[in-house]
Amino acid sequence: MTTPDTLQDDAELLAAEYVLGTLPLEAREAAATRIRRDMHFALAVARWEERLSPLNNDFDDVPAPNLLPQIEARLFGLPAAAQPTKRTFWKSWFGGAAVAAALGVAVLAFLPTAPLPFAPLTTLASDASDLRYEVGLRGNELRIARIAGTAAEAGRVHELWLIIGNAPPVSLGLIKGQELTLASMGLAPGMVLAISLEPTGGSPTGAPTGPVLVTGVVEKI
Amino acid sequence: MTDDDPIAALLTRIAAQERAAFADIYSAASSKLMGVLLRILGNRAEAEDALQEVFTRVWLRAARFDGTKGRGMTWLIAIARNHAIDRLRSRKVESSNDDGEAVAQLADTGRSALSGLVAEGEARRAVKCFEELEPDRSAAVQGAYLEGLSYEVLAARYGVPINTMRTWLRRSLLALRECLDQ
């Protein structure tokens with residue numbers, strides 16, 4: 001029943017355990033990376049998914065709310081407020097009034113220095129990951145905002161690095177939530193921004209220690 | 001290939017960036033995926049949050065779907081299960097002292113997953129293959145797959161060392177492969 005090829009068997013069992021879901025987090029992450037890099041392993045995983053798929057019949061349907069507007073806003077950057085919503089008239093009117101009131105306040109508060117939108121500089125991305133960070137500039141404010149993918153798992157953090165030419169990367173800070181805003185400190189076209197995965201508290205060495213997740217080149221300022 | 005697999009057909013259109021197909025797949029699959037996420041995560045708010053992440057991944061990864069290697073719904077459920085289990089495992093890192101509690105909570109959720117299956121064709125063979133396993137081991141495989149139970153939790157539930165549980169499951173998986181691939 002077992003083939004003499006031990007290596008092949010190990011990969012086959014790893015694929016099976018990955019699909020079954022029993023591996024600890026680190027081994028799961030390693031397996032997920034291997035799926036993207038090793039076609040044979042990816043195929044073994046796909047075969048196990050099919051083999052065990054009869055168990056999927058046991059998952060009951062549970063009606064989900066319509067979260068499509070939020071999902072599309074995340075993916076396509078549409079403002080959530082502009083999404084069509086199914087609200088009853090009075091709620092819609094009330095909501096509209098509240099928005100108008102809020103806008104009134106906003107206009108009063110910000111009229112002298114109306115904030116401009118962030119101009120997009122680049123997107124940090126990678127073929128190997130769904131993670132995306134959008135980098136935008138407004139005046140001398142630099143904002144790095146996650147627009148796809150998930151934050152680092154517990155015990156880890158995303159760290160932002162600036163790489164100028166062949167010089168060693170310089171840490172610009174940790175991105176603990178959805179975004180990070182910094183002073184722009186003389187960015188110029190050709191500079192590279194990168195995000196690495198580091199232990200909570202950031203790289204202990206001052207240089208990236210974890211995998212580089214996504215990168216992007218500053219195109220124009 | 002996609003004639004009898006409407007989800008696969010939608011995934012092909014999503015891979016071509018067709019947003020109407022994305023809305024259609026949400027209508028067609030969100031209930032099933034919500035069922036998967038809720039079963040594994042056991043928390044409605046977290047399941048809804050996870051559902052958004054899962055559909056985000058569906059859009060971003062649709063081009064990687066290969067209809068010759070599997071069915072559309074199987075692919076979607078794999079994304080949902082993987083994401084839910086990753087969340088569970090991350091949660092355990094945060095609160096590694098809660099194992100006892102987790103075991104207590106999970107101890108009475110075991111039931112035979114395949115018992116409710118309409119036994120025809122492939123499903124009938126799957127039922128037969130699971131029945132060939134020892135009942136404890138069959139239940140452990142199903143608990144891992146359907147509830148996202150880890151080796152630690154399963155070992156505690158069945159009162160065996162973790163390595164023994166790992167061996168049980170590996171042998172069960174190989175036996176299932178043998179039986180299902182016939």
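Helices (H or I, at least four residues) and strands (E, at least two) are DSSP runs, numbered from the N terminus. The model is predicted: local features need pLDDT of at least 70, side-chain atom pairs count only at pLDDT 80 or more, and totals for chains, interfaces and linings use all residues. Residues are numbered from 1 along each chain as its sequence is written, while chains are lettered from A and ligands numbered from 1 in the order in which they are written.

**View 1. Chain A holds both helices and strands.**
Five helices and eight strands make up its secondary structure. Along the sequence, chain A reads α-α-α-α-α-β-β-β-β-β-β-β-β. A residue is buried if 20 or more other C-beta atoms, placed from the backbone, lie within 10 Å of its own. In chain A, 26% of the 221 residues are buried. Two residues are in contact if their C-beta atoms, placed from the backbone, lie within 7 Å. Of the contacts in chain A with a separation of 6 or more, 55% come from residues 24 or more positions apart.

**View 2. Four strands of chain A form an open sheet.**
The order is β5-β4-β7-β8, and the pairing is antiparallel. Strands pair if DSSP finds at least two bridges between them. From one strand to the next, the twist averages 25°. Look at strand β7 (residues 192–199) of chain A: five bridges join this strand to β8(A), and the two run antiparallel. One place to look is A:L193, whose bridge partner in β8(A) is A:G216.

Strand β2 (residues 132–138) and strand β3 (residues 141–148) of chain A pair in the antiparallel sense over seven bridges. A:L137 has A:L142 in β3(A) as its bridge partner.

**View 3. Chain B is built from helices, with zero strands.**
There are nine helices in chain B. From the N terminus on, its elements run α-α-α-α-α-α-α-α-α. Of its 182 residues, 41% count as buried. Among contacts in chain B between residues at least 6 apart in sequence, 62% join residues at least 24 apart.

**View 4. α2(B) packs against α3(B).**
Two packed helices are described by the angle between their axes and the distance between the axes. Here the angle is about 135°, and the axes are 9 Å apart. Axes are lines fitted to C-alpha atoms, for helices over the stretch in contact, and angles run from 0 to 180 degrees between N-to-C directions. The two helices, α2(B) and α3(B), are therefore oblique to each other. Angles under 35 degrees count as roughly parallel, over 145 as roughly antiparallel, 65 to 115 as roughly perpendicular and the rest as oblique. Among the residues that meet are B:F22, B:I25 and B:Y26 in α2(B), and B:V58 and B:W59 in α3(B).

**View 5. Chain B touches chain A.**
The contact takes 54 residues from chain B and 40 residues from chain A. On the chain B side, the elements giving two or more residues include α2 (19–41), α3 (44–61) and α4 (72–94).

Key. Buried ≥ 20, exposed ≤ 12 C-beta atoms within 10 Å, placed from the backbone.
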